Each structure stands twice: as structure tokens, then as C-alpha cells.
Amino acid sequence: MHLASIMILIFKIRSRKNCAGISLKSQMLYVLVFVTRYLDLFWNFNSLYNWIMKVIFISTSVYIVYLMKFVQPICLTYRKETDDKLPVIYLIAPCAILALIFIEFYEFAEYLWTFSIYLEAVAILPQLMVVHEYAKNDGGFVENLTSHYVFTLGGYRFMYILNWIYRVATEKGYRSWRVWIAGLIQTIIYCDFFFYYLKAFKSGGRTRLPL
């Protein structure tokens, strides 16, 4: 589902030749998430599938940032003023500090992985803020592909929560509190958008946010 969200976003940007309604800050945060989490692809080889997926997540996130910053006419449609509400340092710095405090063991690779878990939980915030800014100018409505992207991006984390519940029920001693708490926070952040997206899906209309 996470990969589906990335494919939806790339399709939106490439097919429409614009990145309106997309937060460059969130996309850059996802680059940081994937690079720090999957940097071990150079020395930790579990399987070919696992290695390929790590490369795909890193390369596609970098590609999206490249499209939004450098490829015309796409980059010309990016509205920086709608993406300036939340400085990314306010998200990166707390996550870096939390990763120093709440970490399983002190090793560089483990620190990067832990940092990526915390940062992913909040990386969507600039995107949600941009979605709301664009919705204000369209009667509260969110463009369909953008809403599908945000929903699938958040939906994959909800699927992870179901997987955690299943593993707790079937695997003796399975515990991962840091990942669970970060995932729960991430899901809570999406809840408001989920409600309006599913409401629109049920009625067959466009997602409309309250102004």
C-alpha cells in the first residue's frame, strides 16, 4: 500500500505536469526517512526482494523531489508559500533527540533506524497542511489524486497496526513499543483526513475538508 501511494503520486505529477497540492517538505522528509532506514542495504543483505524494495523506496522518493525541484514545467507549479507553515527543523530535531533517548541499543545503524521510525510518524504533517491550504481555495475540496495519495500513504500504516495485533496474538513475547507508539501517533495524525476521505468515498463525491 505504501508503494501504491508513491506510484499514485508519481503518476499525478508526470501525467498532469504539475505538483500542485503536494508538499516538497514532506517529500524531502521521506527521502531522509528512507535513506536513514535503508542505508544498511550496503552491508545487510537479507534477501533479493528486501534489497530491491529498499532501493525502490529510496530511488522513488529522490525522484519525486527531483521532479518537484528541477523538472519544468512541474517545478514551476510548486507553491512554496503554501508549504512554509512548518519549518522541518521542528520535526527533525525532536526526532533526533528522541532517537538518542528511546533506543534499543547504542549503535550508529540502530540510531539511524530509530530516528527514521520517529520521523516517519510526523513527516506527513507538512503535506496535510498543504492539502488544507489548497482546499481553502476550492471550497474545501481536495483534488482526487492527491486525496488518494494521502489516504493510501496513511492506510499502509493502519495495515501495519493490524499486523502488529496479529503478531502479538500469535507470536509469544513479541513486543516493539517504540514502533507501536510511533505508528499509533502517525495513524492518529491521519484520522481526520481518513474520516472525510471515507465519507466522500461512501457518497461517491470528492473529499471535502471543513474550512
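S116 sits in helix α5, where helices are DSSP runs of H or I with at least four residues, numbered from the N terminus. This is a predicted model, in which local features need pLDDT of at least 70 and side-chain atom pairs count only at pLDDT 80 or more, while totals for chains, interfaces and linings use all residues. Residues are numbered from 1 along each chain as its sequence is written, and side-chain values use heavy atoms, with hydrogens and water left out.

**Surroundings of S116**
- With 0% relative accessibility, S116 counts as buried, a term for under 20% relative accessible area, as against exposed for over 50% and partly exposed in between (1.4 Å probe, protein chains only).
- Apart from neighbours within four places in sequence, S116 is in contact with V33, T36 and R37, contact being heavy atoms within 4.5 Å.

**Helix α6**
- The twelve residues of α6 (residues 125-136) should span 16 Å at 1.5 Å a residue, and the 17 Å between its end C-alpha atoms agrees with this; the expected span is 1.5 Å times one less than the number of residues.
- P126, Q127, L128, V130, V131, E133 and A135 are buried in α6, and the buried residues of this helix pack against α2 (24-38), α4 (89-101), α5 (108-122), α7 (144-170) and α8 (177-203).

**Helix pairs with α7**
- The axes of α1 and α7 come within 7 Å and cross at roughly 160°, which makes α1 roughly antiparallel to α7; axes are lines fitted to C-alpha atoms, for helices over the stretch in contact, and angles between N-to-C directions run from 0 to 180 degrees.
- In this pair, H2, S5, I8, L9, F11, K12 and R16 of α1 meet L145, T146, H148, Y149, T152, L153 and Y156 of α7.
- The axes of α7 and α8 come within 9 Å and cross at roughly 135°, and the two helices are therefore oblique to each other; angles under 35 degrees count as roughly parallel, over 145 as roughly antiparallel, 65 to 115 as roughly perpendicular and the rest as oblique.

**Backbone features in loops**
- K17, in the loop between α1 (2-16) and α2, has a positive phi of about 55° although it is not a glycine, and at 42% relative accessibility K17 counts as partly exposed.
- A cis peptide bond with omega of about 5° joins Q72 and P73, and P73 is found in the loop between α3 (48-70) and α4.
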